[in-house]
Amino acid sequence: MKPPTEQEVLQATSRCLNREAVTARRISMGRSHFVFTVELKSGESVIARITRCDRAECFAGFAYWRRQLARVRVPVPRVLSMDLTGTALRWPIMLLEQAPGDDLCNVYADLTAEEKRTVADDLLDIRHRVSGLPPGPGYGGIASYSDLRCHSRWQDVLWEYFTGAIDQLTPSQRKRPAIEEIRGTIGELRPVFDRIDPLPYLIDATHQNVLVDGGRVTAIIDLDELGFGDALYPLGVARAGLLARGPEADCIEQVAAPLCVGPIRQRIFDLYSAIAILKMLSPSPLSVTGPPSADSKIATRLWTLLDFFAVAAAHKE
């Protein structure tokens, strides 16, 4: 799928909102959708998210979970309009209010130590609010409580993430020792995973999709699905994403601390980071941006982190 032109986005926005849109600029946030900032003639700005026709249910899921999370006061942008029929545009389009701020990974290096602690406190509060939602019908990401496309065990979610990622790697990459270490650790810790309940968590609120402005979390901007299972998993993703860009991820470590009591939970945290790194390095058929280029600093750093976390996860006390 090629990205829509700016003119197509302007016309679709004007039609959906019944207000004149004057400029559209594509932005890089989001791997699964095309995202544009659209300025209206009134001077206001909105966010346009556009996806493939076979993924229209993602936007319906966003609207559904936005309503659920608003009840527990999780900051999520309002849905202004959406068209899933292809009437306004050839593809499904969703228009959201624009929340202030930028992705956590883009501003993290500029945050002071105090601001990082404040962001961690905000994320802890949001996690507490999300935990007020009912448990899920199973494990993994789903578009609503009636969505039965879920797994019966948490371990099955991890296997899906792991096998889906390594299937996209080259044969030589699949021979790295880290791959077998991750495989072995998932199998070894099965009894622990079987005791995890299907509790709600923000599946994509990681180093991305968490907007920060003025040292505070202002919004969670990706809600196509809500996750059910271990709330430590997205923190493993966030830690890996921040470490790929800088020397530390203290903010995320602070948020994860209550969920990492004991050596087994620390190993699980390391395993989650390793699995997340595999997913970051692997091309995905659902991605519109793809993984970092093989010769980039981030890719090099991710391979180093993969080896480190795979060994740490496999380590037995």
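1. Strands here are DSSP runs of E with at least two residues, and helices are runs of H or I with at least four, both numbered from the N terminus; two strands count as paired if DSSP finds at least two bridges between them. On that basis, β8 and β11 (residues 226-229) run antiparallel and are joined by 3 bridges. One of the bridge partners to look up is F228 in β11, which goes with P200.

2. Some housekeeping: this is a predicted model, with local features needing pLDDT of at least 70 and side-chain atom pairs counting only at pLDDT 80 or more, while totals for chains, interfaces and linings use all residues. Residues are numbered from 1 along each chain as its sequence is written, and side-chain values use heavy atoms, leaving out hydrogens and water.

3. Back to the sheet: it is open, antiparallel and has 3 strands in the order β7-β11-β8. β7 (140-142) and β8 (199-201) each have a single partner strand, so one side of each lacks a neighbour in the sheet.

4. On to the core. A nonpolar core is a set of buried (under 20% relative accessible area, 1.4 Å probe, protein chains only) Ala, Val, Leu, Ile, Met, Phe, Trp, Tyr and Cys residues joined through side-chain atoms within 4.5 Å. The largest one has 89 residues, with L69, W154 and I182 making the most contacts inside it. Helix α11 (residues 263-281) supplies the largest share, 11 residues. A second, separate core has 19 residues, including V9 and L40.

Methods:
Buried means under 20% relative accessible area, exposed over 50%, partly exposed in between (1.4 Å probe, protein chains only).
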